[in-house]
Number of protein chains: 2
Amino acid sequence: MKAPVQGTQSFSRTIHLLDLISQSKAPPSLAELKESSGLTRPTLYRLLASLEAEGLIEQRSDQRYQLGVRLVSLARKALAENDIRRLAKEQLLRLRDETGETVHLAVPSREELIYIDKIECEEVVRMASTIGTRVPMHSSGVGKAYLGAMAPAEAEDLIRQLDMAQITSFTNTDRTVLSAITQKVREDGYVFDNQENEEGVVCYGAAILDDMGKPAAAISVSIPLYRHTKPTEQYVKPLLTCIANISQRLGYRPS
Amino acid sequence: MKAPVQGTQSFSRTIHLLDLISQSKAPPSLAELKESSGLTRPTLYRLLASLEAEGLIEQRSDQRYQLGVRLVSLARKALAENDIRRLAKEQLLRLRDETGETVHLAVPSREELIYIDKIECEEVVRMASTIGTRVPMHSSGVGKAYLGAMAPAEAEDLIRQLDMAQITSFTNTDRTVLSAITQKVREDGYVFDNQENEEGVVCYGAAILDDMGKPAAAISVSIPLYRHTKPTEQYVKPLLTCIANISQRLGYRPS
DNA sequence: AATGAATGTCCATAATATGGACAAATAAGG
DNA sequence: CCTTATTTGTCCATATTATGGACATTCATT
């Protein structure tokens, strides 16, 4: 396995293994992990043992592995110390109330975005399962909004690195088309996504800018297709007001 | 540095570094990390680079490091579940050991609380409570602790909705008195309950705070009256340490 | 412009992680 | 109940990796 950074192969491998456990549908057994990771038995044992020693995973009574409390604790801290999430909360609630639809907040991590908040259109008590979900740049409203707020050259670089996977039957998988969309987003300041990330759901997305005018996050208003009847204006206007407010709180000053 | 598991020194070191970052009051600079970790400059750079490459940390515009959202993605599955119980378990066991008494963990459900965990003390003592039992706000240690951690206005709203039922001959059924108790809890950070929920059992209660500083749960240390001989300090100090630890794991940062 | 401090990188070497081979435990078959 | 097959777990010589002293670069200060 290649290490993205020189001198960290074992760390990279171990985190990759943690990711496999995290992405599994059900808590995996040793044999399943051996299969999916392609690691040799002794290596797998050592990596699992070190993950367990650090409390990042736990071995259940049936020998299968699940995420450990240490990881949960770290993740909660990561959420808590995220300034954008804190500064955006109030505005997102308002956007939800104004549109009556579900609102997402996503921040970049490597070549993807990760949802760090979700305000449901109906009140829900427990933490939404979408928080922490990775979402591709090319197939989501937040992704395309984010691309459109990047410096053109950087956006092109990033687009070149994307896998352009087909998520739904509506997903655009053509880089040239994505570049054109990105250009349009740059002009409009928002994007409309037609079921490219989830069948039956359309959304409007826009990016939040930091004090340097660079995109720091993106938000989207998701609407079930059957309910998508209001004029565009009714979704876009509150959305643009919302991102303007949050960007301002982040220190952005429109020039 | 010794590695807890053979053949994982570098992983262990890197996670330890991640932990240092997570425990810092404010996002640390490179110099601060060099100081606190004791690592040499090149090693520190490599470990930070690999953490950043994996998205586990992020370098802010002021060069300081903070936890990355990839952690949220890795912990997604575990975050969605009700994880307070898991996060608290270890700390509750410690509290039981330190006080030698039975410890309860309760979360809110409408205008009541529900016990979601109970750590029994060594000596078998008959106590009515079991996991899943509902417990009133006004007559229990956990309930009054929870009220005292709420925003004053919200607490008053909630008190107005309570039925103030007489549970034992000691139960206070006066809302005005409950308001006064709530105010005291707010100042003290804990509450003492004298048999208001169960005859012959007194308890000390305190609330667990989430990342927004709002109460997420409450814990209590219950003591049979005949054995309640130690000074208050001996119960309260471990209790307060315990809630501080759990709150911190939930993402709460004392300001 | 000169000096000092902080930040960043290189690379020979020491130390670690690796995985083939072996052992133990468990399940299947006679 | 014993033998064989399969799965689970461990050891350790070796190759590969991570390490940190030394050096280079950048930035701040005089």
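Me: What radius of gyration does chain A have, and how does that value compare with a compact globule of 255 residues?
Reply: In this predicted model, chain A has a radius of gyration of 20 Å, which agrees with the value near 18 Å that a compact globule with 255 residues would have. Along its principal axes the C-alpha trace of chain A spans about 60 × 40 × 40 Å, and buried residues make up 50% of the 255 residues.

Me: How many helices and strands are there in chain A?
Reply: Chain A has 9 helices and 8 strands, and among its contacts between residues at least 6 apart in sequence, 53% join residues at least 24 apart.

Me: How is a pair of aromatic rings described?
Reply: A pair of aromatic rings is described by the distance of the centres and the angle of the planes. Here the count comes to 7 aromatic pairs over all chains. In one of them, the rings of Phe192(A) and Tyr204(A) have centres 5.0 Å apart and planes at 45 degrees, so this pair is tilted. Because Phe192(A) lies in strand 6 and Tyr204(A) in strand 7 of chain A, the pair ties together parts that are 12 residues apart in sequence.

Me: Is Tyr204(A) buried or exposed?
Reply: Tyr204(A) counts as buried, at 2% relative accessibility, whereas Phe192(A), at 35%, counts as partly exposed. Tyr204(A) also forms a stacked aromatic pair with Tyr235(A), at 5.3 Å centre to centre and with 20 degrees between the planes. Since Tyr235(A) lies in helix 9 and Tyr204(A) in strand 7, this pair ties together parts that are 31 residues apart in sequence.

Me: Which residues form one aromatic cluster?
Reply: The cluster is formed by Tyr190(A), Phe192(A), Tyr204(A) and Tyr235(A).

Definitions and conventions: Residues are numbered from 1 along each chain as its sequence is written. Chains are lettered from A and ligands numbered from 1 in the order in which they are written. This is a predicted model: local features need pLDDT of at least 70, side-chain atom pairs count only at pLDDT 80 or more; totals for chains, interfaces and linings use all residues. Side-chain values use heavy atoms; hydrogens and water are left out. Rings of Phe, Tyr and Trp (its six-membered ring) pair if their centres lie within 6.5 Å; planes under 30 degrees apart count as stacked, over 60 as edge-to-face and the rest as tilted. Helices (H or I, at least four residues) and strands (E, at least two) are DSSP runs, numbered from the N terminus. Buried means under 20% relative accessible area, exposed over 50%, partly exposed in between (1.4 Å probe, protein chains only). The radius of gyration is taken over C-alpha atoms; the globule rule is 2.2 Å times the number of residues to the power 0.38. Contact means heavy atoms within 4.5 Å.
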